[in-house]
Amino acid sequence: MSLVDNVFKEIPAPLLTQWGTDITYIKAATTETYNPTTGTISGTETNVTVKAVITKLNPKEFRGQYQTTDIKVLLGNAELGDYYPNVRDRIEYDESGNTRVGRIIDVDTYRGDTAIFHSLIVRPQ
């Protein structure tokens, strides 16, 4: 185990428990099948309720590829286990009393030997 893991691994969980909000993390199906007759793709998604902090993007973070409606979602790895977020996944979150769905468009993972913290850029649908 690296020093990063020893020092920082336990930090996100209590902070997210205290300051985070519940969101539903929707893991894309690991195997999908395509039906050429109907044109549909089917597979079983996995929903996980996690604590996360949702913030707006700072204009310096746009890097020319993000929209002003995109949001940043911060979550710890304790909530997802050994699963790494990817752009096939989505989240559901509450915004002013309405349930919104957002597609993950970018993932930054902070890690030592194992993931500690994930920063997601999410585009509301």
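**Fold and contacts**

Modeller: The protein chain has two helices and eight strands; helices (H or I, at least four residues) and strands (E, at least two) are DSSP runs, numbered from the N terminus. This is a predicted model, in which local features need pLDDT of at least 70 and side-chain atom pairs count only at pLDDT 80 or more, while totals for chains, interfaces and linings use all residues. Residues are numbered from 1 along each chain as its sequence is written, and side-chain values use heavy atoms, with hydrogens and water left out.

Colleague: In what order do the elements run from the N terminus?

Modeller: The order is α-α-β-β-β-β-β-β-β-β.

Colleague: What percentage of the residues is buried?

Modeller: Of the 125 residues, 34% count as buried (buried is under 20% relative accessible area, exposed over 50%, partly exposed in between, with a 1.4 Å probe and protein chains only).

Colleague: Which residues have the most contacts inside the largest nonpolar core?

Modeller: They are Ile23, Tyr25, Val73, Leu75, Ile91, Leu120 and Val122, in a core of 13 residues. Such a core is a set of buried Ala, Val, Leu, Ile, Met, Phe, Trp, Tyr and Cys residues joined through side-chain atoms within 4.5 Å.

Colleague: Which strand gives the most to this core?

Modeller: Strand 5 does, with three residues.

Colleague: Turning to aromatic residues, how many aromatic pairs are there?

Modeller: The structure holds one. Tyr25 and Tyr83 are edge-to-face, 6.2 Å centre to centre with 75° between the planes. Rings of Phe, Tyr and Trp (its six-membered ring) pair if their centres lie within 6.5 Å; planes under 30 degrees apart count as stacked, over 60 as edge-to-face and the rest as tilted.

Colleague: Where do Tyr25 and Tyr83 lie in the chain?

Modeller: Tyr25 is in strand 1 and Tyr83 in the loop between strand 5 and strand 6, 58 residues apart. Tyr25 is buried, at a relative accessible area of 0%, whereas Tyr83 is partly exposed at 22%.

Colleague: And how many salt bridges?

Modeller: There are five, a salt bridge being a side-chain nitrogen of Lys or Arg within 4 Å of a carboxyl oxygen of Asp or Glu. One of them joins Asp70 and Arg123 at 2.8 Å, N to O. Asp70 lies in the loop between strand 4 and strand 5, and Arg123 in strand 8, 53 residues apart.

Colleague: Are Asp70 and Arg123 buried or exposed?

Modeller: Both Asp70 and Arg123 are buried.
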